[in-house]
Amino acid sequence: MAPVKKGILERLNADEVVIGDGGFVFALEKRGYVKAGPWTPEASVTHPEAVRQLHREFLRAGSNVMQTFTFYASDDKLENRGNNLHLTGQQINEAACDLAREVANEGDALVAGGVSQTPSYLSCKSENEVKAIFKKQMDVFIKKNVDFLIAEYFEHVEEAEWAVHVLKSSGKPVAVSLCIGPEGDLNGVSPGDCAVRLVKAGAQIVGVNCHFDPMTGVKTVKLMKEGVERAGLKAHYMVQPLAFHTPDCNRQGFIDLPEFPFALEPRILTRWDVQKYAREAYNAGIRYIGGCCGFEPYHIRAIAEELGVERGFLPAASEKHGMWGSCLDMHTKPWVRARSRREYWEQLHPASGRPMCPSLSKPEGWGVTRGHAELIQHKEATTKQEIAHLLEMQKRAKENA
């Protein structure tokens, strides 16, 4: 009989490093299995082999958590803006749980069932209506006996609180991550106050994911940690940021950048950037360290390698990777062999190769959030008239920037 795996809280209480996985929707969109725009995870049903393989690559790279591919898998999102999939949230969530469990059983990994923000909240539906959406997803996770639950990608702390209220009723450990930066949520609630509210709601692990680059994410979690400690509370901390550099983002994060989502490649982190991030996160007292959009398995391997001493081992994927480029000493070209050292990669400033490319962009700050008429969602597909209206709004926003 296989030994019983330690749970998420048991690991964190022992000060172990828990490595999350990467960004499934972006990775699978690039591979041709997810549609940008709706970003829904029907591939768990329609192309399970693709989802399974990505789980395996993250596991091989060092991930301790197989997060179910259930991002935006609520029925209100699956039917939003003409996204008629003929699949229910239950079908997708059940398939995603089975895939995550199958791969987790191949290594020392836990399964985390995940829920995310809803179109219903943006459309100002009631607390009971939004909570019912979370409960419907949670019921699947309980049925499939996931190891713990994650409420992730919330722009408003209020909706995240509602999610935590529902998820904690399962009796399983609850983690929650907001997609916010140092300025706080979209209503201006500070990171510290957000964290306090989430811990009081019942979350044992709090932090951030998505929308901002790693160093911004670490800075934000530090502010959350300070707020929790100031309030005399206790929690564990997590960070799962973007694999993109975003120094020019505003409160909304990378979705306001003109490059979002199809021209972000010039901003991608190198594996060495990720090693710096992993060390910074660890030194900040964060022990659940992973990635979100843009993170590929080699980025996760970089976390595992940077923290190899603390973890006591390297991942299987390191068999094909020399620490800090040491494998290059086998290269045929002498000038490449000369790059087989840490100092070279730590001091390198990569060029973009784009002569006309600016170093920074100007975000499109429309300044709309929950309650604004433009964020009221509907099942019908977006019309040409709506697009014309949006183009006019975009023009005005750029003129006022």
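Reader: Where does Trp-324 lie?

Author: Helices (H or I, at least four residues) and strands (E, at least two) are DSSP runs, numbered from the N terminus. On that basis Trp-324 falls in the loop between helix H14 (308-311) and helix H15 (334-337). This is a predicted model, where local features need pLDDT of at least 70 and side-chain atom pairs count only at pLDDT 80 or more, while totals for chains, interfaces and linings use all residues. Residues are numbered from 1 along each chain as its sequence is written, and side-chain values use heavy atoms, with hydrogens and water left out.

Reader: What is the phi of Trp-324, and is the residue buried or exposed?

Author: Buried means under 20% relative accessible area, exposed over 50%, and partly exposed in between (1.4 Å probe, protein chains only). Trp-324 counts as buried because its relative accessibility is 8%. Its phi is near 50°, a positive value in a residue other than glycine.

Reader: What is the phi of Asn-145?

Author: Asn-145 also has a positive phi without being glycine, near 55°. The residue sits in the loop between H8 and E4. Its relative accessible area is 49%, so Asn-145 is partly exposed. For a glycine with positive phi, take Gly-32, which follows H2 and has a phi near 95°.

Reader: Which residues of helix H2 are buried?

Author: Helix H2 spans residues 24-31, and Phe-24, Val-25, Phe-26, Ala-27 and Leu-28 are buried there. Contact means heavy atoms within 4.5 Å. Helix H4 (48-61) is among the elements that cover these buried residues.

Reader: Which peptide bond is cis, and what is its omega?

Author: The cis peptide bond joins Phe-260 and Pro-261, with omega about -10°. Pro-261 belongs to the loop between E7 and helix H12 (271-283).

Reader: How should I read the sheet, and in what order do its strands come?

Author: Two strands pair if DSSP finds at least two bridges between them. Here eight strands make an open sheet with parallel pairing, in the order E1-E8-E7-E6-E5-E4-E3-E2. At its edges are strand E1 (18-19) and strand E2 (65-67), each pairing on one side only.

Reader: How many bridges join E2 and strand E3?

Author: Three bridges hold E2 and E3 (residues 110-116) in the parallel sense. Val-65 has Leu-110 of E3 as its bridge partner, and Met-66 is opposite Val-111. On the other pairing, E3 and E4 run parallel over five bridges, with Leu-149 in E4 the partner of Gly-113.

Reader: How many residues of E3 are buried?

Author: Seven of the seven residues of E3 are buried. Leu-110, Ala-112, Gly-114 and Ser-116 point one way, whereas Val-111, Gly-113 and Val-115 point the other.

Reader: Why is H9 described as largely enclosed?

Author: Nine of the 11 residues of H9 are buried, so the rest of the structure largely encloses this helix. Among the buried ones are Glu-159, Glu-161 and Trp-162. The buried residues of H9 pack against E3, helix H7 (119-122), helix H8 (127-143), E4, E5 and helix H10 (191-201).

Reader: Which strands does helix H11 lie across?

Author: For directions, axes are lines fitted to C-alpha atoms, for helices over the stretch in contact, and angles run from 0 to 180 degrees between N-to-C directions. Helix H11 (residues 214-230) lies across E5, strand E6 (205-209) and strand E7 (236-240), at about 160° to E7.

Reader: What is Lys-222 in contact with?

Author: Lys-222 is part of helix H11. Apart from neighbours within four places in sequence, Lys-222 touches Glu-280 and Ala-284. Lys-222 is partly exposed because its relative accessible area is 36%.

Reader: Last, which residues are closest to the centre of the second largest pocket?

Author: On a 1 Å grid over the protein atoms alone, a pocket is an open set of points with protein on both sides within 12 Å along at least five of seven lines, and lining residues have an atom within 4 Å of a point. The second largest pocket has a volume of about 530 Å³ (grid points are joined across faces, edges and corners, and a volume is the space filled by probe spheres set on the points). Of its 19 lining residues, His-245, Pro-266, Arg-267, Ile-268 and Ser-352 are the closest to the centre.

Key
On a 1 Å grid over the protein atoms alone, a cavity is a set of points where a 1.4 Å probe fits but cannot get out, and a pocket is an open set with protein on both sides within 12 Å along at least five of seven lines; lining residues have an atom within 4 Å of a point.
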